[in-house]
Amino acid sequence: MMLLGDTYPMNITVIIIGSLILALVGAFFGLLYRGIDRKLAAHMQARVGPPIRQPFRDVPKLLMKENIIPEGAVSWLFNAAPFLCLVSSVLLLLYIPVFGQKALLDGFGDAILILYLLIIPSLALVVGGFSSSSPYATIGAQREMVIMMSYEFPLAMVIVAIAWRISQVTGANPFMLSTVAEYPIWSLVGPMGVLGSLILLFTIITVTPGEVSKVPFDIAEAETEIAGGILVEYSGRNLGLFYLADVIKAFAMVSLIVALFFPYNLSPLIGIEASASAFVVDALFFLLKVFVVMFFSITLMRTAMARFKISQASRTYIVSMTLVGLIGLILIWVDLMV
C-alpha cells in the first residue's frame, strides 16, 4: 500500500507535466508545419507566400486582440467552444506515439478512443457556430456535421482493417498503437496485402483534409460562399484558440497516420543504442515522416484541387472512400487466406 501511495502522485505529476510539454511541443510543430505548408503551397502556385514564421506571429496577435461576443449569441457556449476544441486536440497527443516514443498515456486508451477524441474538436466547432447566432455560422455548422458523419466510417474502416490483421498474429490488444508499432502491417502481409495496405493508406490520406478542414473539404469555412462559416463571428482570443487547436489537431492526425503505417524508428537500423543520441535520431526521423505525410495529405491536395460542394464531399467519403477502404480490407483478407 505504501508503494502504491508513493508512486501514484508521482505518476499523476508525470502525466500533468508531460501533458503540458506535449501541448507546447504540439503547438510549436503544428505552427511550424502550418508555415511550411503555406510556403510550399504558395510556391506550387507560383506565389511568394508568407514567411514560414507567419503562424507564430498570427497567434500572439490574435490572443492580444479584443474578444468580441456578437449580440444574440449564447455567450458561455460561444466562449467555451474554443477551449473545448483546444483541450480535446491536445488530448489526442497523449494517446498517439510521437517522436519515436510510446504515447504518454499508452495503455490507457487505444485507436478506438482516438476515433472518439477526433470527433470532439469538430463538435466544438459546431457548438461554437450554432451558439454565435449568425446565419453564416449556422450553415457552416450544418456542413461540418455532414462532413464529420461522412468521413468517420472510412477512417474507422482503416483502423479496423489494420487491427483485424494484427489480431491474427497476436493476442495483444490490436487497437493499441504500441501493438501496431510492434507488428507493422507491412511485415504481416504478402503482395496482395501490400496492395490492400496501400489502398488503406490512400483512404486515410484522403480522409485527412476533411478531418482537419482543408481544401477540398473545407466547405464549412468557405469564405467565398459563407464568409468564413463557423468562425465568421469569432475574433481575438477565441479565434486564436481555434487556430491553435487547428494546427495541433492537424499535427496529431498526421502523427496518427505515421503511427498506423510507418511506426519505425531509425536508430535500431543504424546501430545506435538506447541513449540521448537515439532519441534525437528517432525524433528527427519522426518529424521527417510527419512532413512527408503532411505534404501528400494536406499540401498537395489543397494545392491541386478546388473546393468541393457539400454534396460532392459527402458522396466522396460515404460512397467512394468507403468502397475503396472496403477493397483494401478484402485484399488483406484474401492475402491472409492465400
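Q: Is the crossing of helix 3 and helix 9 left-handed or right-handed?
A: The two helices cross in a left-handed sense, meaning that the near helix is turned anticlockwise from the far one by less than a right angle. Helices here are DSSP runs (H or I, at least four residues), numbered from the N terminus.

Q: At what angle do the axes of helix 3 and helix 9 cross?
A: Roughly 20 degrees, with the axes of helix 3 (residues 75–95) and helix 9 (residues 236–261) coming within 8 Å. Helix 3 is therefore roughly parallel to helix 9 (angles under 35 degrees). Axes are lines fitted to C-alpha atoms over the stretch in contact, and angles run from 0 to 180 degrees between N-to-C directions.

Q: Which residues of helix 3 and helix 9 meet?
A: Among them are Phe-78, Leu-86 and Leu-93 in helix 3, and Leu-241, Phe-242 and Ile-248 in helix 9 (heavy atoms within 4.5 Å).

Q: New topic: how many salt bridges are there?
A: The count is six (a side-chain nitrogen of Lys or Arg within 4 Å of a carboxyl oxygen of Asp or Glu). One of them joins Asp-246 to Arg-34, with the closest N and O atoms 3.0 Å apart. Asp-246 lies in helix 9 and Arg-34 in helix 1 (residues 2–44), 212 residues apart.

Q: What is the mean pLDDT of the protein chain?
A: It is 88 (the predictor's confidence in each residue, from 0 to 100), and 97% of residues reach 70 or more. The model is predicted, so local features need pLDDT of at least 70, side-chain atom pairs count only at 80 or more, and totals for chains, interfaces and linings use all residues. Residues are numbered from 1 along each chain as its sequence is written, and side-chain values use heavy atoms, leaving out hydrogens and water.

How values were computed:
Parallel < 35°, antiparallel > 145°, perpendicular 65-115°, else oblique.
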